[in-house]
Each structure stands twice: as C-alpha cells, then as structure tokens.
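Please find below a note for the colleague examining this entry. It is arranged as numbered points, to be read alongside the sequence and the coordinates.

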Amino acid sequence: MNYRQIECFRAVMHTGSMTLAATQLHTSQPNVSRAIALLQGETQLKLFERVGQRVVPTPEAHALLKEVDRVYVGLQSIGDAADRIRTLGVEGLRIAVSPGIGVSPVPRILQVFRGMRPRVPVVVHTADSATICKWVSSGYYELGLVGYVALPQEVDTTLVHSDRAVCIVPRGHRLARKRKVVPADLAGESFISHASPDVVRAATDRVFDPEVRRLEIETTLGTTICAMVARGLGVSIVNPAMLSELALTGVHSLAFEPAIQIECHLVLARQQPAQALVADFLEAIRVVTRSPDNTERKKVSRLPA
C-alpha cells in the first residue's frame, strides 16, 4: 500500500462519499475508486459496501481508520514542528506531559522556567505516558513528565514526586463528614473512573470489589472527573493536586485507604547531549518541588544535573 491509497481511504471515511473525497483531494472520482480498490486488494479487507448509490464503510474500515488517523496525527505533528522551526528557529523547548500532570505541577514549573527564560518558546504536548516515553526516546521531545514509565530500557527516569490519591465527593454528600473512607464506604455510589489504560485506574481497580463498585462513568481526564463530581454525578478517586489547581467549590476531598500512589516521573532520552534549556527546566522542577507550598509533594528524588 502507498500514501495515496491511505489518503484516499481517509478522505472517503471522513466525507462519506468518493465524490466529495475526490473534490477534497483535487482529483477525480475514478482515481479515488481505483486507489480504494488497490488498498482493499493489498490489505485483503473489504472496506466498503455499496448500498444504492452510497458507499458504506464496513467494521473493518472503521477499525483501520483508527490506525490511519493515529498516523496522520503524527504527520501533523511533524508538519507543526517544521512550521515552528521555520518561524522560531531551532531554539526552544519541547516537553510532553500526561494529562493530570499537565494540570499540576507543570503550570507552576513553567512559571518558574519562564522567569529564567522569558523569551524561549515552549511547546507542551499532552499524551498518555507510554506514548510520551516513545516520543522522548526518539528525540522528538526533550523531556517528558509521566505518571508511569514505559520503555524503561530506552529512557532515563527520575521520580519527581509521589502522593496519595484522595476520594472526592460532592459538597453535602453523606460521606463528606468522614475523615477518611475505604472502598466499602462507596458501595452503591455512582463511581466516576479514569478510563483504561491508566495507572490510577489500574490501582483503583485493584482495591475495589467489582461486584460492589457501581462503575457508571469513565473518562480520560482527571479534570473532567472533578467537574462531574462537582455536578453531583458521582464520586471518584483522583490526584489531590488537581483540586488545589482547579479550586472547585462543589467538591469535598477525603483521605482514602488503602493508599493509592500518584506519581510523577521525569523521562529523558538515553545519552542525550547536555542542553542548557533542559538544565534550566530541571532547575525549575527543583524549585517547585522544594517549595513549602508544594502540598502534594511526598517524595522527591535527586534530579539529574
């Protein structure tokens, strides 16, 4: 298969029409049809069925589209990088962070870093921890901050901080007066969970009896979970640092046992050449994690010099 075949397939999937796809790609409808036919032959997948005058994607086509779109996101990132280099030059810092860490402590770290390097362009990209480790190991990002470390043999890692997750309930909830809660206290409650795969989700699943917990809503973002709890949609287990950053008035937090640890790891590419910008960002991390008002910090490891 080649790029043109994939491009035609994606255009047909997103427009729902070979004619519209041809218009979008500035080619003819027969050319699009021919590319789709070749793609089906090479993959040995039936991607479309004709229903009257329409082409209807098969389940196989929808499954393939997920992979195709993932590749296109990567290609778009390359295009964005080229635009950034053309506009700003090579000087700049690219970091990747997992969603929860993007809420805290990254904004405070960047605040300190901008004080040190006020004119340096910074790109912050959010992704899951495994993807970030791949990006950093390939050199596309200078460093990453993740909830867990994937590819341990390909990146250097340091634990930045670790904290205990808390249970959050809506203000006025029946559990709000308790000092701490255990899994049994949440029996019968509508539970809002991190979606899989997620390190907090996996740790939470281990301490709950699946027959007791009412798992009713799942989402990929901790900030969304907090907002849902504030709206009275259920209870959850989250990173306490988010609560101080979001300052939600409709949420009450409680200590939770057994302990579920929320970690932040720094990842750097192996044998990465020394860079002044990275060194300054590491110093900004040190400043934030040493700060007396860094209430979420429980354990700090020695960062690389």
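1. Basis. This is a predicted model, in which local features need pLDDT of at least 70 and side-chain atom pairs count only at pLDDT 80 or more, whereas totals for chains, interfaces and linings use all residues. Residues are numbered from 1 along each chain as its sequence is written, and side-chain values use heavy atoms, with hydrogens and water left out.

2. Cysteines. How many disulfides does the structure hold? There are zero, a disulfide being a pair of cysteine sulfur atoms within 2.5 Å. The closest cysteine sulfur to that of Cys133 belongs to Cys264 and is 12 Å away, which is too far for a bond.

3. Largest pocket: extent. The largest pocket has a volume of about 920 Å³. Its lining comprises 41 residues, of which Ser98, Pro99, Ala127, Asp128 and Ser129 are the closest to the centre. On a 1 Å grid over the protein atoms alone, a pocket is an open set of points where a 1.4 Å probe fits, with protein on both sides within 12 Å along at least five of seven lines; lining residues have an atom within 4 Å of a point. Grid points are joined across faces, edges and corners, and the volume is the space filled by probe spheres set on the points.

4. Largest pocket: composition. At least two lining residues come from each of α4 (59-88), α5 (99-103), α7 (129-138), α8 (199-207) and β13 (261-269). Strand β13 gives the largest share, five residues. These elements are DSSP runs numbered from the N terminus: helices are H or I of at least four residues, strands E of at least two. By type, the lining has 18 nonpolar, 17 polar and six charged residues; Ala, Val, Leu, Ile, Met, Phe, Trp, Tyr, Cys and Pro count as nonpolar, Asp, Glu, Lys and Arg as charged, and the others, Gly among them, as polar.

5. Arg213. This residue lies in the loop between α8 and β10 (214-219) and is buried, with 12% relative accessible area. Which side chain does the side chain of Arg213 meet in a polar contact? The partner is Asp205, at 2.6 Å; a polar contact is a pair of N or O atoms within 3.5 Å, one able to donate a hydrogen and the other to accept it, and residues adjacent in sequence count only if both atoms are side-chain atoms. Beyond its neighbours within four places in sequence, Arg213 is in contact (heavy atoms within 4.5 Å) with Phe191, Thr204, Asp205 and Phe208.

6. Glu7. Helix α1 (residues 3-15) contains Glu7. Apart from neighbours within four places in sequence, Glu7 is in contact with Leu25 and Tyr72.

7. Cis peptide bonds. The bond from Ser104 to Pro105 is cis, with omega near 15 degrees, and Pro105 lies in the loop between α5 and α6 (106-116). The bond from Glu257 to Pro258 is also cis, with omega near 5 degrees; Pro258 lies in the loop between β12 (251-256) and β13.

8. Positive phi. His26, in the loop between α2 (18-25) and α3 (29-43), has phi near 60 degrees and is exposed at 74% relative accessibility. Gln44, in the loop between α3 and β1 (48-51), has a positive phi of about 60 degrees although it is not a glycine, and is exposed at 72%.

Technical notes:
Buried < 20%, exposed > 50% of the residue type's maximum accessible area, 1.4 Å probe, protein only.
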